[in-house]
Amino acid sequence: MIEATGLTKHYGRTVAVDDLSFTVESGRVTGFLGPNGAGKSTTMRMILGLDRPTGGRVLINGKHYHDLHRPLRTVGALLDAKWVHPNRSAKAHLQWLAKSNNIPNKRVDEVLELVGLTQVAKRRAGGFSLGMSQRLGIAGTLLGDPQVLLFDEPVNGLDPEGILWIRQFMHRLADQGRTVFVSSHLLSEMAQTAQDLIVIGKGKLIAQTSTAQFIKDATEDTVKVRSPQLDRLRQLLTAEAAKVADGTADNALIVHGVEAAHIGELAARHDITLHELSPQLGSLEEAFMQLTRESVEYHSHD
Ligand SMILES: Nc1ncnc2c1ncn2[C@@H]1O[C@H](COP(=O)(O)OP(=O)(O)OP(=O)(O)O)[C@@H](O)[C@H]1O
């Protein structure tokens, strides 16, 4: 578990992180979202003791990073996947990391196996593709079998196969009861990966909630209806004060403010044939734009 309380960081006159409080629970993948410059990297660096807070505190499993007896056994972090000596093999890189942290050598083979790099363990890491480098970086985070894992933009630049692998791997780590905290700009990817979200804007907390609730709160659900008797249906819905707009497909309407079940019953009562009746859920992109825009406007009026 990661707990931030009143966490604040000033760089000169810039307030990078502003009185931020949140909790990252174990057994879940938690996404960390915010527009550029919102303070995500600064927050992650403070969690890892790489930056000292100006105010407040952040604890990992109840302790400051610096007070952890063997940090790598409690928290693994991947901030930059290309952070590896290019001429070292994947295995030599991990062996060096293990040795400098008093981790037995046999754990290196285990983590190589876990991330699927056993076959290429002896190849120069400098020649690895981005996807392989990410796997090597993740192997490094797992060396100490830590309970808490932090990943900064882990899927940036990866192909769809690499993205899917990382998503499934993170879910597996969370299913093992670990705390998985991951920042990303790729919102559609986050929508599928993260069960919970912490969203910040200008260093302040905008939302801490489940991904589903975040989308529900910030977007309006609509229903798409297709019917050969569209004009009749439109009249009936408008008479009920529903907001109705033309859909992009032929013979389709987008209905706001009425449940799909009600539209189905209305159509049945008036012998109207329906070819489609599908609730349209808002996207994480829409919710994110909506909520971060409000935060920016709010702050500019401060
Ligand atoms: N070492 C530093 N010195 C001065 N200002 C900094 C430093 N690091 C970050 N900042 C400033 O703090 C703010 C937050 O930056 P940070 O990199 O934490 O945001 P971010 O959410 O990670 O952004 P991005 O998504 O673009 O990576 C920005 O205004 C940035 O310019």
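User: What should I know about the model before we start?
Analyst: It is a predicted model, where local features need pLDDT of at least 70, side-chain atom pairs count only at pLDDT 80 or more, and totals for chains, interfaces and linings use all residues. Residues are numbered from 1 along each chain as its sequence is written.

User: Which class does Glu153 fall into, and why?
Analyst: Glu153 has 18 C-beta neighbours inside 10 Å, so Glu153 counts as partly exposed. Glu153 also has a positive phi of about 50° although it is not a glycine, and its place is the loop between E6 and helix H6 (160-175).

User: Where is Lys202, and what is its phi?
Analyst: Lys202 belongs to the hairpin of E8 and E9, with two residues between the strands, and takes a positive phi near 50° there. Helices (H or I, at least four residues) and strands (E, at least two) are DSSP runs, numbered from the N terminus.

User: What makes E8 and E9 a pair?
Analyst: Two strands pair if DSSP finds at least two bridges between them. Strand E8 (residues 196-201) and strand E9 (residues 204-210) have six bridges, in the antiparallel sense; Gly201 stands opposite Lys204 in E9. By the same rule, strand E3 (residues 28-33) and strand E7 (residues 179-183) pair in the parallel sense over five bridges, with Ser183 in E7 as the bridge partner of Phe32.

User: What is the strand order of the open sheet, and which strands stand at the edges?
Analyst: The open sheet has six strands in the order E5-E6-E7-E3-E8-E9, with mixed pairing. Strand E5 (75-78) and E9 each have a single partner strand, so one side of each is left without a neighbour in the sheet. The twist averages 15° from one strand to the next.

User: Which residues are around the ligand?
Analyst: A residue is near a molecule or strand if its C-beta atom, placed from the backbone, lies within 6 Å of it. The residues around the ligand include Tyr11, Asn36, Lys40 and Thr42. Helix H1 (40-47) and strand E2 (14-24) are the elements giving two or more residues to the shell, and H1 supplies the largest share, three residues.

User: Why is Gln229 called partly exposed?
Analyst: Gln229 has 15 other C-beta atoms within 10 Å, so Gln229 is partly exposed. Leaving aside neighbours within four places in sequence, Gln229 is in contact with Ile272 and Thr273.

User: How far apart are the centres of domain 1 and domain 2?
Analyst: The bounds, which come from an automatic or database domain assignment, are 2-217 for domain 1 and 220-280 for domain 2. Their centres, taken over C-alpha atoms, are separated by 45 Å.

Notes. A residue is buried if 20 or more other C-beta atoms lie within 10 Å of its own, exposed if 12 or fewer, and partly exposed in between; C-beta atoms are placed from the backbone. Two residues are in contact if their C-beta atoms, placed from the backbone, lie within 7 Å. Axes are lines fitted to C-alpha atoms, for helices over the stretch in contact, and angles run from 0 to 180 degrees between N-to-C directions.
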